[in-house]
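Thanks for coming, everyone. I'll walk you through the contacts in this structure. Please look at it first.

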Amino acid sequence: MSGGRLRLSVNGRPTELADVPPEERLLDTVRWRLGLKGTKEGCRTGECGACTVLRDGHAVLSCLLLARDADGAAITTIEGVRSDPVGERVRAAFESAGALQCGYCTPGFVMALTGLLREAGRSTPLDELLEDLGGNLCRCTGYSTIVRAARAAREGLP
Amino acid sequence: MSATARPDGAVKLAGAAVYGEDLDVPGMLWGALVLAPVAHGRRLSVDLSPARALPGVVAIGAADVAGLVDGGTGDPERPPFPSERVSYLQQPVAAVAAPTRSLAREAARAVRISVEPLPVATDLDDLFPEWPREKIEDPARVAAHVHARRGDVDGAFRDSATVVAETYRTASVHQVALEPHACVAEVTDGGWRVRTSTQSPFGAREDTASILGIPEAALVVEGTWVGGGFGGKGAAFLEPYALLLARAAGRPVRLALSYAEEFRLGRTTLPAVVRMETAVNAGEITARRVRLLLDVGTSLPGRDFATGYAIGFLLGPYRAPAFEVEGYAVRTNKPPFGPHRAPFAPQAAFVVESHLAAVARAAGIDPATFKARHLWREGDRTPFGQRVLPFGLASAFESARALAARWRSEAPPGQGVGIGLGFWSTSTGAGGEARVVLSPTELVILQGEREIGSGSVVVGLAQVAARRSGLPVEQVRVEYRDSAGAPFDAGVFGSRTVGALGRAVDAALVSLLARLGERLGSPGPVTLAVLDGEIVAVHGSGRRRVAELLTPAETAAGGLAADGKHYGRSGEIDESVVLDGAFYAFTDFTGAAHVAQVEVDPQTGSVRVLRYAAFHDAGVVVDLPSARAQVEGGVAMGLGAALTEEAIWSDDGRLENAGLVDYRIPTLREVPPIEVHFLEGFPGAGPFGAKGLGEPPIIPVPATIAAAVRDAAGAHVRELPLAPERVARELKFR
């Protein structure tokens with residue numbers, strides 16, 4: 001990478017970016033360069049989880065990741081989650097469980113859960129899965145419906 | 001769509017819902033606020049020239065504002081920027097806009113501020129170590145004073161066998177909506193326009209126009225999806241600054257808070273000190289006395305809304321033949337007090353529930369029996385003389401007592417079970433209007449409110465229309481218009497959306513159905529139904545396609561429109577008891593009894609909540625999944641206020657924990673399973689007997705946890721939150 005050039009695959013689409021300053025965060029690349037506003041900006045300090053995306057299939061906090069450090073990676077955001085079978089299952093589980101209210105934390109939850117289930121599938125005990133979701137904050141739901149969605153998404157896996 | 005799916009689920013799960021934070025307009029600049037470096041100071045001087053020297057930067061301060069608004073006579077008590085005196089840390093003193101976010105931040109840092117520091121007032125106990133014997137009239141220190149009395153209070157205290165006096169302290173808590181405040185403003189020849197994440201487009205319009213001194217008609221407010229409100233997005237906040245910047249720049253300006261600013265500048269519930277005294281004779285309360293010091297930050301004198309309201313909740317839903325309440329809204333060097341989901345009611349319920357339990361124990365009576373004996377029932381009079389309307393709290397309490405007895409019988413040593421009660425009155429008096437439009441294929445509700453998450457707009461209003469019309473709810477769509485195109489509504493606050501705006505929707509439907517009836521020549525009731533994908537009007541055994549009932553002009557306009565409005569009235573209080581200040585009447589009576597089972601670590605005092613149940617009187621529930629979700633979410637938020645949430649203000653007026661690591665809201669693993677029950681038979685003032693439910697679920701939670709902690713470990717904690725060190729201290733000295 002030179003001259004701030006960055007190659008990413010974003011939601012399956014090869015993307016080349018120029019003049020990416022070294023301090024730019026992946027969150028800003030996704031939201032402001034690529035216009036994918038489904039990834040939410042909350043605390044910007046890695047505390048709320050609203051900005052979670054997948055990097056090469058693993059959930060990461062895009063506010064803590066320098067864009068240049070993601071050079072060459074495949075990034076999946078909420079806009080592309082349906083093309084991933086696990087992601088679509090998670091998304092559908094959130095919809096049918098009514099696991100959202102204001103919806104601001106929702107993309108982050110969907111991406112985090114998708115990443116966790118992609119890593120270990122059904123073999124992850126539910127308790128561990130929920131423990132790992134603890135880094136995503138929700139102020140509206142009290143998490144009950146989110147737990148229901150997580151359980152349903154996990155049980156629906158092959 | 002499953003029974004629990006929401007109509008806004010698909011758009012939010014596609015990442016396609018545009019929130020204030022997501023707004024992006026071609027050519028826009030990024031705004032930033034320049035914040036005061038001290039919490040209190042005078043001889044403020046702001047030098048914008050270093051910022052203006054940066055490329056493409058626009059900067060405005062107090063001196064620029066007057067010239068920016070043509071002929072504007074803004075509210076002199078609320079200038080956007082102070083000209084001489086700073087009254088809280090990080091008060092906006094200027095604003096900048098730049099082509100990029102980083103340049104805007106750099107420009108804000110470049111502004112040179114000089115200010116002569118003054119002594120900082122932050123702590124209520126320092127300011128009022130003793131209860132004042134004479135009324136304090138000092139507008140610099142007191143924003144409001146309220147005082148009311150009924151009966152011979154001193155005599156009752158003198159003559160009663162048991163008198164208990166206690167002091168309670170409650171912490172400042174933040175809303176912590178995950179989306180920070182954000183808006184984009186534009187000023188053109190056509191007028192002033194702001195798109196913003198708001199709970200009240202019309203409230204933001206009124207407030208912004210007043211601050212800027214422009215006519216309301218010159219300003220259009222367009223709401224976005226709202227990433228959580230909880231009271232924090234009700235009035236104008238960033239909008240005036242963004243508009244002034246846009247005016248100065250001649251370009252659209254985006255202004256959003258960072259999350260740390262969200263904490264530091266946010267208007268929310270501030271600390272309180274409450275002195276409670278109760279007298280009992282032969283098992284009956286003879287008199288109550290409540291004295292409240294409520295920190296209202298830099299709220300303006302005469303504009304405090306909270307104190308008179310809060311103090312009513314400190315008496316609780318209990319009968320007392322004699323009472324005296326007195327409260328001061330105390331000004332400190334903090335941001336102004338602002339609404340936070342049921343402002344101060346969870347704190348008040350914690351105080352009154354804990355105190356009356358202590359009173360009962362001192363009088364040798366079982367606390368639950370004592371409370372049940374004094375609890376309001378329909379037809380009773382409140383201390384302020386209002387007649388109690390249908391009110392299910394006593395029934396909720398009975399159900400809670402039965403469940404608590406079962407849980408207690410199952411609880412091992414070290415665990416305890418507690419009950420807390422809470423009551424609330426929803427703001428169904430505040431006015432609203434709506435328009436409905438019936439086309440051959442759908443019923444559309446046109447109105448001005450955006451959905452803030454509770455579902456009260458996208459689900460609640462649709463369910464009201466579905467119930468009245470007979471249509472399946474899937475055939476009803478809620479459509480949003482900006483303030484120029486929408487009928488007026490007061491806002492999504494005070495648990496009023498279904499109760500008040502829902503009444504307007506209902507009235508519009510009634511009018512629409514009556515007009516269809518005229519066209520059908522049917523004097524009887526008309527309802528709507530769907531037949532082969534088309535809406536039909538049903539009257540008796542006959543039915544007609546709506547398509548056939550519309551005039552060509554109506555068809556061309558999209559359907560038959562009808563308007564409805566609701567400007568409700570609240571009850572009246574007995575003004576003869578009021579000695580000073582303003583107290584507020586209740587519109588309706590909403591109550592809940594909660595039960596918690598907790599485990600307390602005897603060494604550390606840390607509390608773990610194991611299971612939870614909530615019994616609510618919500619009148620007639622119009623949508624069960626949404627109602628359940630409101631209770632689950634409200635309980636979780638209440639657990640934060642009960643156990644961990646506390647904004648800590650240093651002596652120099654700095655918020656010490658302005659972030660989500662140090663200000664801890666409940667995480668997924670800290671919220672236990674929550675049982676939710678609704679009690680039927682206590683209709684409210686809303687459509688079909690609905691009562692509001694946005695705020696009530698948070699109210700009983702701290703009281704419930706405190707009762708459970710006492711049951712588990714004997715600790716009677718008189719301070720919120722019940723942080724481990726406070727619980728441990730009570731355990732030690734017990």
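First, a term: a salt bridge is a side-chain nitrogen of Lys or Arg within 4 Å of a carboxyl oxygen of Asp or Glu. Here is one: Asp22(B) and Arg31(A) pair their side chains at 2.8 Å, N to O. How many salt bridges cross the interface of chain A and chain B? Nine.

Now the ground rules. This is a predicted model, where local features need pLDDT of at least 70, side-chain atom pairs count only at pLDDT 80 or more, and totals for chains, interfaces and linings use all residues. Residues are numbered from 1 along each chain as its sequence is written, chains are lettered from A and ligands numbered from 1 in the order written, and side-chain values use heavy atoms, without hydrogens and water.

Back to the two chains. Contact means heavy atoms within 4.5 Å. Chain A gives 46 residues and chain B gives 52. They bury about 3,800 Å² between them, 58% of it on carbon and sulfur atoms. Buried area is the accessible area (1.4 Å probe) that two parts lose on being put together, summed over both. In chain A, Trp32(A), Gln101(A) and Arg139(A) lose the most area to chain B, together 22% of what that side buries.

Next, inside chain A. Domain 1 of chain A puts 19 residues into the contact, domain 2 of chain A 17. The two domains bury about 1,300 Å², 59% of it on carbon and sulfur atoms.
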